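Let's take a walk through this protein, starting with its sheets and ending with its charged side chains. Have the model open as you read.

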Amino acid sequence: MKKISILALALTCVIALVSCHIGTDKEPLIETTVSYAGWSDDASIISGALNEDELKSNGKGIHCPIFRIDTKRDLEKFRAEYGDIFTMECGYGDLVPSFDDAISKAQFDRSSFFQNNSLLIVYVISSSGSLRFGVSDVDYDSESLRVYVKQTNDPELVTADKAGWFVIVAIPDSEIRTCKSFDAICEDDRY
């Protein structure tokens, strides 16, 4: 019985570590995390996003604002520019960490991280704080990149508060060096 418990615990730990990474032997490792952002309809979110034209035209699917952070200085600038619009220091109760906590825990705020990597930050709005989101796929070629976001839960009862989430993707610079366009698509329109 003791061996089965230890094996189950070890398997759970391995699954938890793997669940936040997208990649195979042939594809680069892409790490993702999610944080609370708060809800806002501030126009600067759209005008500052890399996919401003898609957001304004509202083409096929639901587009979400996406931002690219290439340096620690860019991260500080993002915090300064959007610190009064988004909730950077507070999480959603004990359930979802704050932006600052998520970035620090994943060590995405280190200068050494930005030597070879970039962050893509997707802002996802929701009609309820009960709904959760994550990355289903990151599709890219030499010209463009698209982050696909999906709802990861299906609660029977939901809260009536509007909420917003940052879906954060860490990607090697070598994979997106020549990308000229960036977009984020929410695959599920239930929210």
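Predicted model: local features only at pLDDT ≥ 70, side-chain atom pairs only at ≥ 80, totals over all residues.

Residues are numbered from 1 along each chain as its sequence is written, and side-chain values use heavy atoms, with hydrogens and water left out.

E187 counts as partly exposed, at 46% relative accessibility. On that scale, buried means under 20% relative accessible area, exposed means over 50%, and partly exposed is in between, with a 1.4 Å probe and protein chains only. Together with D137, D139 and D141, E187 makes up a negative surface patch. Patches take residues with over 30% relative accessible area and no salt bridge, joining like charges within 9 Å and nonpolar side chains (Val, Leu, Ile, Met, Phe, Trp, Tyr) within 5 Å. Asp and Glu count as negative and Lys and Arg as positive, while His and the chain ends are not counted. The place of a charge is NZ of Lys, CZ of Arg, CG of Asp or CD of Glu. The areas themselves come from the Shrake-Rupley method with a 1.4 Å probe, and for residues only the protein chains shown count as cover.

Now step back to β9 itself. It belongs to an open, mixed sheet of four strands, in the order β3-β9-β7-β6. The edges are β3 (62–63) and β6 (133–140), each with a single partner strand, so one side of each has no neighbour in the sheet. Two strands pair here if DSSP finds at least two bridges between them. Strand β7 (residues 144–151) and β9 (residues 181–186) run parallel and are joined by six bridges; within that pairing, V147 has A184 as its bridge partner in β9.

R146 forms a salt bridge with D183, with the closest N and O atoms 3.6 Å apart. (A salt bridge is a side-chain nitrogen of Lys or Arg within 4 Å of a carboxyl oxygen of Asp or Glu.) R146 lies in β7 and D183 in β9, so the pair ties together parts that are 37 residues apart in sequence. R146 is partly exposed at 31%, whereas D183 is buried at 5%.

Strand β2 (residues 30–36) pairs with β8 in the antiparallel sense over six bridges, and Y36 stands opposite W165. Strand β5 (residues 117–126) also runs antiparallel to β8, joined by 10 bridges, and there Y123 stands opposite F166.

Back to charges: the whole structure has six salt bridges. One of them links E52 to K56 at 2.7 Å between the closest N and O atoms. Both lie in helix α3 (residues 52–57), four residues apart, about one turn of the helix. E52 is partly exposed at 24%, while K56 is exposed at 60%. Another joins R79 and D100, 2.9 Å apart at the closest N and O atoms. R79 is in helix α4 (residues 72–82) and D100 in helix α5 (residues 99–105), so this pair ties together parts 21 residues apart in sequence.

How values were computed:
Helix = DSSP H or I, 4+ residues; strand = E, 2+ residues; numbered from the N terminus.
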